[in-house]
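Please keep the sequence and the coordinates at hand while reading.

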Amino acid sequence: MILSDKRILEEMAMGTLKIEPYQRDCLGSNSYDVHLGKWLAKYKDKVLDAKKHNEIEYFEIPEEGFVLQPHVFYLGATAEYTETHTLVPFLEGKSSTGRLGIDIHATAGKGDVGFCGNWTLEISVKQPVKVYTGMPIGQLIYFPVDGEIEIKYNEKKDAKYRGQPEKPVESMMWKNRW
């Protein structure tokens, strides 16, 4: 079941869910709208290697906006910092974003119980699209968990994406053992 707006507010009041900054008008019937932060990033190399640390370069979205190009993979981040201590968060695109041909995640739309940080966005576009800092970019929905969590994400020693900052974070695949 997806949490309703009232249940999201109850969880926030209990401190088990945090959204900063929080704006009441961003709370929908069963979701919370998140916004594009001011930083974007691109990988430095044209060919990425899953076994090595692929570095990224950051740039700030100018006030007049930035045109995203097709066939370029961008990393972005939500303006909102979130914490989810008892629920499973999912990040999905908004229909208005999708209708502009903007995909906000390639595959990583689910968070874990205990995720604390800004969400890194995996952005690609179908045609050139100008984007702006603070524009609505996605929505968070929350699901309850069936059963007790043994170790929350923020408590795992090897959690690669714990405490994500306001800047996008590159792939940490190179830290995996395989």
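Ser 31 has a relative accessible area of 8%, so this residue counts as buried, the cut-off being under 20%. The model is a predicted one. Ser 31 sits in the loop that runs between β1 (17–20) and β2 (32–43). Its side chain makes a polar contact of 3.3 Å with the side chain of Gln 139. Apart from neighbours within four places in sequence, the residues in contact with Ser 31 are Ile 8, Cys 26, Gln 139, Leu 140 and Ile 141.

The loop between β1 and β2 also holds Pro 21. The peptide bond leading from Glu 20 to Pro 21 is cis, and its omega is near -5°. Most peptide bonds are trans, and most residues other than glycine have a negative phi. A positive phi, of about 65°, is found at His 71, which is not a glycine. His 71 belongs to the loop between β4 (66–68) and β5 (74–84). With a relative accessibility of 87%, His 71 is exposed, as the cut-off for that class is over 50%.

For Ile 123, leaving aside neighbours within four places in sequence, the contacts include Leu 36 and Ile 102. Ile 123 is also in contact with Leu 40, Leu 68, Val 72, Phe 73, Tyr 74, Gly 76, Asp 103 and Ile 104.

Where is empty space left? Rolling a probe the size of a water molecule over the atoms shows this. The largest pocket holds about 540 Å³ of space. Its lining consists of 19 residues, and Ala 108, Lys 110, Glu 122, Tyr 161 and Gln 164 are the ones nearest its centre. By class, this lining comprises 10 nonpolar, 5 polar and 4 charged residues. β8 contributes the most to the lining, with 3 residues.

The second largest pocket has a volume of about 260 Å³. His 71 is one of its lining residues, together with Val 72 and Phe 73. The rest of the lining is made up of Lys 42, Tyr 43, Lys 44, Asp 45, Lys 46, Leu 48 and Glu 57. Sorted by class, the lining of this second pocket has 4 nonpolar, 1 polar and 5 charged residues.

How values were computed
Residues numbered from 1 in each chain as written. Predicted model: local features only at pLDDT ≥ 70, side-chain atom pairs only at ≥ 80, totals over all residues. Heavy atoms only, no water. Helix = DSSP H or I, 4+ residues; strand = E, 2+ residues; numbered from the N terminus. Buried < 20%, exposed > 50% of the residue type's maximum accessible area, 1.4 Å probe, protein only. Polar contact = N/O pair within 3.5 Å; in protein donor to acceptor, adjacent residues only side chain to side chain. Contact = heavy atoms within 4.5 Å. 1 Å grid on protein atoms, 1.4 Å probe; cavity = no way out; pocket = protein on both sides within 12 Å on 5 of 7 lines; lining within 4 Å. Points joined across faces, edges and corners; volume = space filled by probe spheres on them. Nonpolar A, V, L, I, M, F, W, Y, C, P; charged D, E, K, R; others polar.
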